[in-house]
Amino acid sequence: MDKTIKKMIAALAVLTVLVPLGLLATGETFGEWGAEEVREKLGYVPRGIESLGSIWSAPIPDYSFPGAETFAESALAYIASAIIGVVICAGLLYMIGKKLTAGRSD
Amino acid sequence: MHIPDGYLGPYTIVATWLIMIPIWVYSARRLGRELRSRQVPLLALSAAFSFVIMMFNVPIPGGSTGHAVGGAIIGIVLGPWAAVISISVALVLQALMFGDGGITAIAANCFNMAVLMPFSAYYVYKIVSGNSEVTSGRRTIAAAIAGYVSLTLAAAMTGFMFGIQPLLHKDAAGYPLYMPYGLNVALPAMIIEHVFGFSFLEAIVTALIFAYVQKADPSLLSHGRPSRA
């Protein structure tokens, strides 16, 4: 593996460990409110948000584990989520890429 | 910028899936034809990088938080078709595993962040770069501008998708069924927080990585296999 790629992997590893910095930002994101936040804003919840909003139960909602309450616990869950994301994204595309370029020498 | 479930009505959901399915199929074909074997590790890293960079929420004045996407640098270095696949994988995983972005909105979110973004970045970079050397400072600036413009466009399109919902779907009493805020609110909200905030972040991220690649291995910046038509 060439040097540039090795350095990029190292940089990605550092970023992965530093993700809890992203938890320090508190505040809302436009259009990503939960049903309760919408109720606070409008006094009601649009029917579609109410019915479709919980159509999918993600296994690790909001990059957090049940019971993670302190910052340290949330930070660990966030790092673990980042690791899961990195491993699956990189692993999947590496396999796809290898398959697509099989037999190519460049 | 990850649209959740419940914010887009059926028209927009169906339309975005109908647009995205052929784009995914065609992107996969282009990737298969043009990907060089030495780009494979880079392709794998790019999706992982995009996934991680989106976890760095940053506050801006006014109480809003957001993040960079990494879509511009991926579009510039790997080409926009590869970027479609790479960023889509990250977005699909975020939706399915972490509930970040709705599953019904996967196509909409992929259109904004995995198509519009890398393509606009790629062309802005090409135009601003002109015939300059691959290692020139002009190209670094071109990458920064591409990052800034492309995230702003993706945000504007997200605002547009949000904003048309009250026009498309109301109940009998006139209440919106999905995203309640119209274009007059959603469009400026999405554009302003990016123009004055998050798009600068994308510009910096794009320029930093681009400058590193220029220095470390500029051969990575010459694009994929010439496609045989």
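The structure is a predicted model, in which local features need pLDDT of at least 70 and side-chain atom pairs count only at pLDDT 80 or more, while totals for chains, interfaces and linings use all residues. Residues are numbered from 1 along each chain as its sequence is written, chains are lettered from A in the order in which they are written, and side-chain values use heavy atoms, with hydrogens and water left out.

We can begin with the interface. The size of an interface is often given as the accessible area lost when the parts come together. Here chain A and chain B bury about 5500 Å² between them, 71% of it on carbon and sulfur atoms (buried area is the accessible area, with a 1.4 Å probe, that two parts lose on being put together, summed over both). In chain A, F30(A), Y63(A) and L93(A) lose the most area to chain B, together 14% of what that side buries. The contact (heavy atoms within 4.5 Å) takes 59 residues from chain A and 69 residues from chain B.

R47(A) is exposed, at a relative accessible area of 52% (exposed means over 50%, buried under 20% and partly exposed in between, with a 1.4 Å probe and protein chains only).

Over all chains, the count comes to 5 salt bridges. One of them links K41(A) and E28(A), whose closest N and O atoms are 3.1 Å apart. K41(A) lies in helix α2 of chain A and E28(A) in the loop between α1 and α2, so the pair ties together parts that are 13 residues apart in sequence (helices are DSSP runs of H or I, at least four residues, numbered from the N terminus). K41(A) is partly exposed at 35%, and E28(A) is partly exposed at 32%.  R39(A) and E36(A) form a salt bridge at 3.5 Å between the closest N and O atoms; they are 3 residues apart in helix α2 of chain A, about one helical turn.

Finally, N109(B) is found in helix α5 (residues 106-129) of chain B. Leaving aside neighbours within four places in sequence, the contacts of N109(B) include M1(B), H2(B), L91(B) and G101(B).

Methods. Helix = DSSP H or I, 4+ residues; strand = E, 2+ residues; numbered from the N terminus. Salt bridge = Lys/Arg side-chain N within 4 Å of Asp/Glu carboxyl O.
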